[in-house]
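Dear colleague,

Please find below the structure that I am handing over to you.

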Amino acid sequence: MFVFSNFTGLCFADLKRLSEEHLKETPDGKLWIEMKRQKTGTEFRVGVMDIPRRIMEKYATKRKDHHLFNVYCRDRMIQLTRELGHLCGISKLTFHRARHNFGTHITLSQGVPIESVSRMMGHKRFSTTQIYAKVTDTKVAEDMKKLSARTEKSKIILHENDKFRMAIRFPGAVKNNNVKPENNI
């Protein structure tokens, strides 16, 4: 269930409520989860990628009722998540960490716009999503590499003249036309 939440962003309460009625298939065959967050009542919609789809298929025959998964109670899930963290050498692993991973690593660091992530996660306020927007050095390096590749393909011409250089060195003086090029080094 932890892996499923890593790829859908569902918190424990919404995962526990998840049922067939929340699954919607588009005409092109894409599967979506559409529901309201239990915590805020905010509607959200998130696409079901391959890994969560395979998890749903794996557990389809084990269902006891209309819910997609037979989810343990919260206390047991906390215990199992801690054990998973211990086995992986991760201290203080929590189930909510999966939601953070979705917001940070699965979506934002892969170039999904923060506005889309906010809607997928069912946040009422954009500022809530910004907590997940921790930009990693790797992401910055990748973005700079993409930018360099785009700018290398097109010619960028910098037009310089004396007034431009003076505007950089003496912003207020150029605005008032008080600086003459010959008086500046």
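The structure holds four aromatic pairs, where rings of Phe, Tyr and Trp (its six-membered ring) pair if their centres lie within 6.5 Å, and planes under 30 degrees apart count as stacked, over 60 as edge-to-face and the rest as tilted. One of them joins Phe2 and Phe95, whose ring centres are 6.1 Å apart with planes at 75°, so this pair is edge-to-face. Because Phe2 belongs to helix 1 (residues 2-8) and Phe95 to the loop between helix 4 (74-88) and helix 5 (96-107), the pair ties together parts that are 93 residues apart in sequence. Helices (H or I, at least four residues) and strands (E, at least two) are DSSP runs, numbered from the N terminus.

Phe95 also pairs with Phe12: the ring centres are 5.9 Å apart and the planes stand at 85°, so this pair is edge-to-face. Here, too, distant parts of the chain are linked, with Phe12 in helix 2 (residues 12-17) and Phe95 83 residues apart. Phe2, Phe12 and Phe95 form one aromatic cluster. Both Phe2 and Phe95 are buried, as is Phe12; buried means under 20% relative accessible area, exposed over 50%, and partly exposed in between (1.4 Å probe, protein chains only).

This is a predicted model, in which local features need pLDDT of at least 70 and side-chain atom pairs count only at pLDDT 80 or more, while totals for chains, interfaces and linings use all residues. Residues are numbered from 1 along each chain as its sequence is written, and side-chain values use heavy atoms, with hydrogens and water left out.

Arg45 lies over the face of Trp32, 3.9 Å from the ring centre. The charged end of Arg76 is placed over the ring of Tyr72, at 5.7 Å from its centre.

Finally, Leu147 lies in helix 8 (residues 137-153) and, at 36% relative accessibility, counts as partly exposed.

Yours sincerely

Notes
Lys NZ or Arg CZ within 6 Å of the ring centre and 35° of its normal.
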